Amino acid sequence: MRPLMRGTPLVVALLAQLALPPQASLAAQQFPTRPPAALPLEAAPFPPFVEFELGNGLRVVLVPSEKQPVLSFRISVLGGSLYDPAGKSGAADLVAGLLTKGTVARNAEQFAEAIERVGGSISASAGPDFLSVNAAVLAADRELAFDLVSEALLRPTFPTSEIELLRTQTLSALEFARSQPGAIAGRIFAQAVYGDHPYGRRADAASVRAITRDDLLEFHRQRARPTQALLVMAGAIDSTEAHRLAERAFGAWSGRGPSPPPARPAPQRARTEIVLVHRPGSVQSNIIIGNTTWMPTDIRGYALTVANQVLGAAADSRLFQDLREVRGWTYGAYSSVARARGIGTFTATAEVRTEVTDSAVVEMLAHLRRMGNEPVPPEEFSRHLETLVGQFPLEVETAAQVAGQVATARLLGLATDYVQTYRQRLAAVTREQLMATARAGMRADAALVVVVGDGTELRARLEAIAPVTMVDVDGRALSTEAVAAASTTLQFDASRLEARSDSFTVFVQGQPFGFQVSELQRTADGWEFREQSSLGPVIQQRTTVRFDAALTMTSTRQEGRFQGNDLFLEVRYTDGRASGEGVTPGAGQMQSVQYRDVAVPPGTVDDNLLVALLPFVPWQPDASISVSVLATGKGTVERRTFRVLGEEVVTTPLGAFAAFRVSYEGGEAPGTYWIESSGQHRILKFGPTGVPLEFVRER
């Protein structure tokens, strides 16, 4: 068959009538240039909700759906972090984490096996206001799921072994969060924006260590009560079966919990204020700008949702487009609205380079101010409003999504038809309402600004914007003098150095995995530090650092293998400058390293040498020591900070020792060191934060 020829008479005639070139006409027919007109907006297609209450006061909401043979349900009680005992923040989270770790009928392994055998899932979590247990199963396995959730919520046993395991995991997570700028910013923002309101409390190591098993039992006894609970079911189940399952699983549950605490106002600012969290050595800043908003039932919530979409909810919003696409200051800038049973919050966030931090704060505040002072152009307003209205059906596609949406709405005290009418209420927001609501909710001229970064670089520049309060990563006030003192180069008498050797066993998840041995010895013209590490098949590495009697670096050499790849690095120091080249592990792959004539300020040490120098530092309680280092794998001069967090007894194969617990901050792998608090200040053990890896001294 002969192929169709371009320009056949009929096609040419038709195109001539349209007065368009052939290719343009075809493109126009295949790809419309205008979107089709929007269909009339209809209510979300939910089936009628079924609501009832058991004799013990448990409220139940059912959203039946036969689209898929699955069932999701959530039962929630008034038992969030708002109700943590004084001085024991984190209790609600521990209770939630332990509900599935042992019941009167099953231990943790048996509980997990029972739900996994049917391909379902059960989880528990605690938020600011509520503690919830969620389940999702095939409809045929609903009885098992209800039995398990009933066991978890009503008859947990809180085994001591599971408490201590979860406590250890929680402390590790807190320590890791303490090293993450984003987590630090969020914690300090909550404390500052809420003041002494319970929503501002956050768990820390001291509060988690203070929680006892009796505290957990009492918390559960008071809070797991049917009169303060809500059960929401969604999926393939009818009202008769829902009644039967709810009564069978929870009908015998009894008791009336204490009333919620009275509402307390959050602090209000009369002007913009900046809290600068000093994180020595940071090369970028994490910024949060925000304010408290209002109760979740406030009708302005719809307009604020639209305002947030315009400002920073997505990649096509104003903050992202300006700070990233136009100015190139960040990988992303966003905003969000958080609701709680009490006062909620609005926040705008960005991570930027240190040198543009003040400019980014100014621009972000300007965007907030513009939202409240200038009407959003019609086309921009329509685009973002249609996005919100159009994406909502995707958020209620599954039974689990429906259960989550309905449960959240009811727990926050929203209207009974909130989920069904959500899109219509959004669509009814006007440009004038958006502007008025943004002005009331974002309050650019009385905002709280939290910046996590290097205070020595940022304080003066931020003070030109608004009053600045400087704190450390734990929220303790810092004076300019204290920061300046802590930011000086490491100073100690090099004559105190002495030859020594150290040996550590490397453990991964408590199992021996390798070793690290090192030796510091005197040479004819100074000192030489040698270290050899072996971590199973992952890494084998040898490092040699040479320096003179005045602690001036002369050379570094590394060689070995990383995940089967050869690695090496050679660095030369000459007249206060460093040059290096090699191949080292990077982000998931090996990477070439090459730099020339990097200026190395006096007192700067090779980062590989830090571990050898720590025993010679004058350690004392509350010490904070900042060190200038050359990050040899990058060729950049950076700052590392060692901070004494407290004293405790550490047990090693050599015995039990009193030790300083010292945080290490500023590098790619923040961690913790335990350093002998008397005698030779030997390193007893150390490890990176958030990783089950530990180096323990054996001689």
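Predicted model: local features only at pLDDT ≥ 70, side-chain atom pairs only at ≥ 80, totals over all residues.

Trainee: How do helix H13 and helix H18 pack, and at what angle?

Mentor: One reads the angle between the two axes together with their distance apart. Helix H13 (residues 357-373) and helix H18 (residues 455-463) pack at about 40°, with axes 9 Å apart, and H13 is therefore oblique to H18. The crossing of H13 past H18 is right-handed, and the contact involves Thr 357, Asp 358 and Val 361 of H13 together with Leu 458, Arg 461 and Leu 462 of H18. By class, these residues divide into three nonpolar, one polar and two charged.

Trainee: Which residues make the contact between H13 and H17?

Mentor: Helix H17 (residues 431-442) packs with H13 at an angle of about 135°, their axes lying 6 Å apart, so the two helices are oblique to each other. On the side of H13 the contact is made by Leu 368, Met 371, Gly 372 and Asn 373, and on the side of H17 by Leu 434, Met 435, Ala 438, Arg 439 and Met 442. This contact has six nonpolar, two polar and one charged residues.

Trainee: Is Asn 56 buried or exposed?

Mentor: Burial is judged from relative accessible area, and under 20% means buried. Asn 56, in the loop between strand E1 (50-53) and strand E2 (59-64), counts as buried because its relative accessibility is 15%.

Trainee: What does the side chain of Asn 56 reach?

Mentor: The side chain of Asn 56 reaches the backbone nitrogen of Leu 58 at 3.1 Å. Leaving aside neighbours within four places in sequence, Asn 56 is in contact with Pro 226, Thr 227, Phe 250, Gly 251 and Trp 253.

Definitions and conventions
Residues numbered from 1 in each chain as written. Heavy atoms only, no water. Axes fitted to C-alpha atoms, helices over the stretch in contact; angles between N-to-C directions. Helix = DSSP H or I, 4+ residues; strand = E, 2+ residues; numbered from the N terminus. Parallel < 35°, antiparallel > 145°, perpendicular 65-115°, else oblique. Left-handed = near helix turned anticlockwise from the far one by under 90°. Contact = heavy atoms within 4.5 Å. Nonpolar A, V, L, I, M, F, W, Y, C, P; charged D, E, K, R; others polar. Buried < 20%, exposed > 50% of the residue type's maximum accessible area, 1.4 Å probe, protein only. Polar contact = N/O pair within 3.5 Å; in protein donor to acceptor, adjacent residues only side chain to side chain.
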